[in-house]
Amino acid sequence: MSIALRHHLEKTIDLTDNEFAYILSHFTTRKLRKHQFLIQEDDKVVNDYWVVKGLLKAYHTDDVGKIHILQFAMEDWWISDYQAYMNNTLATIAIDCIEDCELLVLSSANKEKLCGESHSIANFFRKKSNAGYVGLQQRILLLLNKKPQERYNRLFELTPKLFQRLPKTLLAAYLGISREALSRLSHP
């Protein structure tokens, strides 16, 4: 677990053994089973999660019960309800496990402490946050401007492994199309 996190961090910043050991000491571990909730709507959200193993989905259920998937997270990805996490408010989305999961957990307090003490870790989280914002903007623009086949092709281009791990109903929900429409689409 720790080796994977170190590799993840060192894609962005350089760390000594002592620095990494100190950073790692601020994380805890959590294991969840398939279909178990990590966060439910109206929960207090005080943690950010890094996926060591497994696959999760973040989603909102609207007033008529339709599920709108915002994000999937698999190994080497971060996930949380960032609105609630950053603003100290209650969750507006739910996150549950599509597969059994192992996570490294970083509390808001520990993240702030680490960022206050280390320019390099603050830089890491700034870059991750910026990349997440760019990805979200691209996703919104795809949903607004592109046809289902183009959205499908883009997702396949970016994350082909998801296609092997996701049920078709979740893939369709993420793309904003019906399960039937998904079956008519093909790989690029």
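This is a predicted model: local features need pLDDT of at least 70, side-chain atom pairs count only at pLDDT 80 or more; totals for chains, interfaces and linings use all residues.
**Entry 1: the four-stranded sheet**

I began with an open sheet of four strands, in the order β1-β8-β3-β6 and with antiparallel pairing. I noted β1 (27–32) and β6 (78–79) as the edge strands, since each of them pairs on one side only. I then followed β1 to its partner, strand β8 (residues 101–107), and found six bridges in the antiparallel sense. In that pairing, phenylalanine 27 stands opposite leucine 106 of β8. I also looked for a helix on this sheet: α4 packs there and touches β3 (47–53) and β8. The direction of α4 makes about 60° with that of β8.

**Entry 2: two helices in contact**

Next I looked at helix α4 (residues 108–117) beside helix α5 (residues 119–145). Their axes are 5 Å apart and the packing angle is about 120°. An angle of 65 to 115 degrees would count as roughly perpendicular, and one over 145 as roughly antiparallel. The two helices are therefore oblique to each other. I listed the residues that make the contact: Lys111, Leu114, Cys115 and Glu117 come from α4, while His119, Ile121, Ala122 and Phe125 come from α5. Sorted by class, this contact has five nonpolar residues, one polar residue and two charged residues.

**Entry 3: aromatic pairs**

I searched the whole structure for aromatic pairs and got eight. A pair of aromatic rings is described by the distance of the centres and the angle of the planes, so I wrote down both values each time.

The pair of phenylalanine 27 and tryptophan 78 is tilted, with 6.3 Å from centre to centre and 45° between the planes. This pair links distant parts of the chain: phenylalanine 27 belongs to strand β1 and tryptophan 78 to strand β6, 51 residues apart. I checked both residues for burial, and both are buried. Ring pairs also link Phe27 and Trp78 with Phe124 and Phe125 into a cluster.

Tyrosine 85 has 5% and so counts as buried.

**Entry 4: strand β7**

Strand β2 (residues 37–39) pairs with β7 in the antiparallel sense over two bridges. Isoleucine 39 has isoleucine 95 of β7 as its bridge partner. Strand β4 (residues 56–61) also runs antiparallel to β7, and four bridges join them. Here tyrosine 59 stands opposite alanine 94 of β7.

In a regular strand the side chains alternate between the two faces of the sheet, so I checked the two faces separately.

**Entry 5: isoleucine 67**

Last, I looked up isoleucine 67, which is in strand β5 (residues 67–73). Its relative accessibility is 36%, so isoleucine 67 counts as partly exposed. Leaving out residues up to four places away in sequence, I found that isoleucine 67 touches Tyr59, His60, Thr61 and Ala173. I also compared isoleucine 67 with glycine 176: they are 109 residues apart in sequence and 9.9 Å apart in space, C-alpha to C-alpha.

Terms used:
Residues are numbered from 1 along each chain as its sequence is written. Side-chain values use heavy atoms; hydrogens and water are left out. Axes are lines fitted to C-alpha atoms, for helices over the stretch in contact, and angles run from 0 to 180 degrees between N-to-C directions. Angles under 35 degrees count as roughly parallel, over 145 as roughly antiparallel, 65 to 115 as roughly perpendicular and the rest as oblique. Contact means heavy atoms within 4.5 Å. Ala, Val, Leu, Ile, Met, Phe, Trp, Tyr, Cys and Pro count as nonpolar, Asp, Glu, Lys and Arg as charged, and the others, Gly among them, as polar. Two strands pair if DSSP finds at least two bridges between them. Rings of Phe, Tyr and Trp (its six-membered ring) pair if their centres lie within 6.5 Å; planes under 30 degrees apart count as stacked, over 60 as edge-to-face and the rest as tilted. Buried means under 20% relative accessible area, exposed over 50%, partly exposed in between (1.4 Å probe, protein chains only).
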